[in-house]
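Good morning, and thank you for coming. Please look at the display first.

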Amino acid sequence: MSKVNLQRLGETVFQSSDRVSAELLALTYGSTVKQLLVDYEEPDEVNKQLDQMGYNIGIRLIEDVIANSKIYTISSFVDSAEIVAKVAFKMYLGVVANTVDWNSDKTEFSLQFDDNPLTEFTELPDRYSDLWYANILCGIIRGAYEMVQMKVECKYTKCVLRGDDTNEIRIVLREMLLERPPLDDE
Amino acid sequence: MTVLMIISPKNRPVFEAVIPANSLSERQLILSQLAIFAALDMVDEAMWSSKDLYLKVVDRFNDQSVSAFVTPGNHRFMLLHDARQDDGLKAFFNKLYEFFIKIALNPFYDDEEPIRSKAFSDRVRHLAQEYL
């Protein structure tokens, strides 16, 4: 499907699905992160926890993405990137991302989005300058990809909260997971 | 010369801005703080006799006035300003209240903690230029 079609599809699914207020989401997420910082103390550790939480969400969420968008075939990594950016982001965050900075092998790209509803009220204090506040998104993307047989690495590279002009997540395809029979399958 | 302070429900000053910046000597600043703290008692009285959050002028200090605005959460915005200034004060406080809500909603802002946000103080200064 072309970019425009995907964008339209994202819009349609977004319109037809139930929504919660952005404030509720932002405040709930904010207090979660805050509590993690209290519990784990180190921003680096919190980044890891957020990623793990996201992963647990992602491996479940992918079913919902596919069922609601009715995209049953994902032919390539390049296609999948557009689906994440135009459909999945729109469905769950209400914003559309752009895929930029592809490498020549088409195995790496960056997801750029200006608005992030999760960060709506947040200002990062200096003592947490190492925190990737919305790191949960990386985990979600990683988990979702894994369920469609693609092992990816996700990393936040730019965050508006840190003074960057946009949000950016770098996604690197490590390998396509092939379905293999178990080794000792008689 | 104008001094703005935000006082928390537990009577701690959480924000202070001198407008224009650095226009006061240390001695003058302490005097202004004193005038504002003294006016807090007036606020406690005045807030019960008004339905509005904006309490207008609650106290006078030499040729200056202290105006106050009380949020429902009992944060008090205190403004020490020249006596004749009056227009724009209400609008100023209302706008300030909007900015303050943003701060209060920040998950990393704890109650009673000083407001350190650079963005907030920039916005307040900008606002002061516009309305005062």
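**Notes on helices, strands and salt bridges**

B:Asp122 counts as partly exposed, at 39% relative accessibility. By that term I mean the range between buried, which is under 20% relative accessible area, and exposed, which is over 50%, with a 1.4 Å probe and protein chains only.

Before I continue, a word on conventions. This is a predicted model, in which local features need pLDDT of at least 70 and side-chain atom pairs count only at pLDDT 80 or more, while totals for chains, interfaces and linings use all residues. Residues are numbered from 1 along each chain as its sequence is written, chains are lettered from A and ligands numbered from 1 in the order in which they are written, and side-chain values use heavy atoms, with hydrogens and water left out.

Let me stay with B:Asp122. Which residue forms a salt bridge with B:Asp122? The partner is B:Lys118, and the closest N and O atoms are 3.2 Å apart. A salt bridge here is a side-chain nitrogen of Lys or Arg within 4 Å of a carboxyl oxygen of Asp or Glu. Both residues lie in helix α3 of chain B, four residues apart, about one turn of the helix. B:Lys118 is exposed, with a relative accessible area of 58%. Helices (H or I, at least four residues) and strands (E, at least two) are DSSP runs, numbered from the N terminus.

Over all chains, the count by this rule comes to eleven salt bridges. One of them is formed by the side chains of A:Lys34 and B:Asp110, at 2.7 Å from N to O. A:Lys34 lies in helix α2 of chain A and B:Asp110 in the loop between α2 (89-105) and α3 (118-131) of chain B, so the pair joins two chains. A:Lys34 counts as buried at 17% relative accessibility, whereas B:Asp110 is partly exposed, with a relative accessible area of 32%.

That brings us to helix α2 of chain A. This helix covers residues 22-40, 19 residues in total, and reaches 27 Å from its first C-alpha to its last, close to the 27 Å expected at 1.5 Å a residue. The expected span is 1.5 Å times one less than the number of residues. Its buried residues are A:Ala26, A:Tyr29, A:Gly30, A:Val33, A:Lys34, A:Leu36 and A:Leu37. Just after α2(A), A:Glu41 takes a positive phi of about 65°.

Finally, strand β4 of chain A. Seven of its ten residues are buried, so the strand is largely enclosed by the rest of the structure. Which strands does β4(A) pair with? Six bridges join β2 (residues 108-113) of chain A to β4(A), running antiparallel, and eight bridges join β3(A) to β4(A), also antiparallel. Pairing requires at least two DSSP bridges between two strands. Within β4(A), A:Ile169 is the bridge partner of A:Leu111, and A:Ile171 that of A:Cys154. A:Glu168, also in this strand, is buried, with a relative accessible area of 8%. Leaving aside neighbours within four places in sequence, its contacts (heavy atoms within 4.5 Å) include A:Ser110, A:Gln112 and A:Lys155.
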